[in-house]
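Here are my notes for a first look. Please keep the model open while reading.

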Amino acid sequence: MKHRKSLWLGITFLFYSLGLMAQPNTMVSHEDNHQLVRDLSGMTWTMKMMLPGEGVKNGLDKLPSEDLETFVWNYAEVPGDVYTDLWHVGAIEDPYFGRNSVKAQWVQQYEWWYACQFRVNESYDDQVVRIVFEGVDYACDVYLNGHYLGSHEGAFTEFSFTVNDYLRTDRWNLLKSTNMLLVRLAPPPRVNAFVAGKKTPWFGDYWRDLIPMGIYRPVKLVATGKVRFDNVYANSTLNVDKSADVNLELTVINTDKVAKDMTFVATIEGKNFTSETQKAEFTAKVQPGTHVIKHNVHIAQPKLWWPWDMGEPNLYLAKISLKEGDINHDFNETTFGVREITSKFNPGFIEGVDVTYPRSTYINDKFFFIRSACWGGPPDIFAGRTSIDEYKELISLAKAANLNNIRIFGWHPPEIPEFYQYCDEMGMTVWQDIIPLGTGNIPNEEQRLVEIFNTGVEVIKARRNHPSLIMMEGGEEMLLRTRDAHFGRAFLERHGDSLKSKVDLPYVPDSPLTCEVSQEAGFKPKEAVHALRYFYDMGKWLHEDWYQELDFPIVPEFAITSVPSVESLKKFIPENELWPPGLSWGHHWADLIRLRMQNWDVFGSEMTGSLEEFVNATQDAQGIIFQNGIEYFRRHKPRLSGISLCHWITYWPDMKWGIIDNYQQPKRSYYFVKKAYQPLLINFDFKKRRWSNKEPFKGEIWVINDLYQSYENCQVKFEIKNEAGKVLSTKTFKIEKIEENSAKSFFAIEEAVLKDVKTKFYVTLELTDKSGKVISANDYFFLIGDQEAASAQFKEWMKKRAALESKYDYGNYFRFFDEITRQNGKNYESGIQIPRAAGYPEK
């Protein structure tokens, strides 16, 4: 074995070459290697409220370990959050219901003490015992048996304390084996800019001012030998001969005062497929402190990880034992995939003139068109309301809707390990702002910047083994609000450099990079587009006129709003405010003007005849606008390389972007997205949705194929029906060949059949293969009307909307309620009144 010179860069890097020591089919046992882990999670915790600073003054940190005092505190759950614990014990009302979140704002004015009593009967001689916190939001102090262990700040980084000197153990004596762990949660920070990147932003136009806090990840008691793993990275590369090298980068910590001669025993085998087992055994002298040891394992015929629509999501399992002679110090299992991610510039956009960064993603050297949605998670902003099963269900729903990517942007936190695990297993890729930087103004003190960079490094190190992670971003609309454009750009580029030093993935500093501040910072005018203006400038365009103006290489956000189902509404809107909409609708971010306008654009009617009619119409309108926009963007492949809808889910029961509501119920829009995201898609290109009886109906039949499979001797059936279901026209067309990875117009349509249509008509398309099997189907509906007149009418409505909004901030939902604003002769005079949204039927 060859030893290379060590490099000292804060920690020591030791490099070793495996060479010929990798031996397939060699049996090796890891059964005698173990890491003793005791999970302290569960409902055995208790909690107590104290004024800030009063807990220590009153001696809570010195509570006797044997006493029963914490038994009369309120019971709590870890992982969880303070608000959910208080709701469960009746101290606050459900903050999701009605406007109760306003009533719960007092919670964030206090510090909260969490206590866990546990017994230890095992002996930990010659072992190092740590209490490991996988995640606390946001700042805390930790005490064990009256001893101060330390403090931590930051929601996204794991931390631990060595507790050998303070742990009470006894095999038989009940009292001597009883331990008291206390965690003081500080009141949460109030200014997001001061904690940017280290805590999830708690503002934006789909949440109210209630700042999450709690022990939101497991707490564990972990025992190892004096040398342990701190991080394991299975860094794979593909070779020209189609073999792969897995460079095991093992960060180890020697807590002893002397160097240790350590033996590493590693095996690599297929996790979700059968393979030969690769074995590697090597030694290293590990000095006291933290070191990185590298060792290469060669795989002659690797099974690559692919997204579900390109192949199989093959996963490998690496098991590594860490030994000193016969003493087992630590053990690690790491799941990883062998794949290579690269990026290229989109055709038609000039580097340095139109764009700065390549936006076409290639997986294992194949172009990958991104069909995505912004995650919008976690499933609940309050961790105590979320279950692991919800993650699996929500990702499964995404795959079923033909998404091949989920984008986590900078208003949302890096996700829990299970999220990435399920994405790995299902072949779902992830495009992520590594830490949440959804604010434009951050501290300029170097030390605080370094804290942000270090948080990003820790987050990516914990997730870089996941093959599903294919793209990194720095911020989300960060430059849009940055007061110093050049400082913002320099910060984001430094952030990217620190991330790319730990993983070789494409990185883009911010999204969309086309705002005025981004241009001032030197970025180019065609970097990307957040397709939001239809919503925020509602009335300026009919939706099909709007998206046809967009020409960018990628669409990281495409947002349309809707309301959850009536069944879901009843879970968070008081019965007496359900219909016509009461104040709780506004509190949950229903834009009660734009929703009516959006319905009118799609249906030619505001659809306010009943609660059910209105709700269903908002969901159908969201879906139809998504479908039409998605198909337009996809027809521009490969000039355009990806779309991400905004949002997939919603982390509380709002009435804004989500396609799946907070109760994991797909909206009707889900099925339109599923249709538009078919990997093989028959679709119709049209320029407008309103047609005169006197004009021929025109458009083009396209086929988009994201699959690496061609189809020959196919047939298309095209049909037009009126509102009564009567067939007005049927045509069939032959397609000799549909190329793999293609987007092509095949046939022009011009049908003079609308003479007797009264209000609307329908178009259906069906694509069959050479055996007659339907391999794609699609449908649309159109209105009889005057496109130009409708556009003019929409613009007039926009002027009225804008005039109203000029008097109020966008987030001020009082503008919808005449009783609150004292308009049109109305006034909110008594609590027995129930204000109703203007523009809806009187109750």
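1. Tyr-762 counts as partly exposed, at 29% relative accessibility. Buried means under 20% relative accessible area, exposed over 50%, and partly exposed in between (1.4 Å probe, protein chains only). Phe-781, at 14%, counts as buried.

2. Some ground rules. This is a predicted model: local features need pLDDT of at least 70, side-chain atom pairs count only at pLDDT 80 or more, and totals for chains, interfaces and linings use all residues. Residues are numbered from 1 along each chain as its sequence is written, and side-chain values use heavy atoms, leaving out hydrogens and water.

3. The structure holds 63 aromatic pairs. Rings of Phe, Tyr and Trp (its six-membered ring) pair if their centres lie within 6.5 Å; planes under 30 degrees apart count as stacked, over 60 as edge-to-face and the rest as tilted. Phe-697 and Phe-761 pair edge-to-face, at 5.2 Å centre to centre and 85° between the planes. Phe-697 lies in strand S34 and Phe-761 in strand S38, so this pair ties together parts 64 residues apart in sequence. Strands (E, at least two residues) and helices (H or I, at least four) are DSSP runs, numbered from the N terminus.

4. Phe-697 is buried, at 0% relative accessible area. Phe-761 is buried too, also at 0%. Tyr-762 and Phe-781 form a tilted pair: 6.2 Å centre to centre, 45° between the planes. Tyr-762 lies in strand S38 and Phe-781 in strand S39, so the pair ties together parts 19 residues apart in sequence.

5. Now helix H13, residues 594–603. Of its 10 residues, 10 are buried. Gly-604 follows H13, with a positive phi near 75°.
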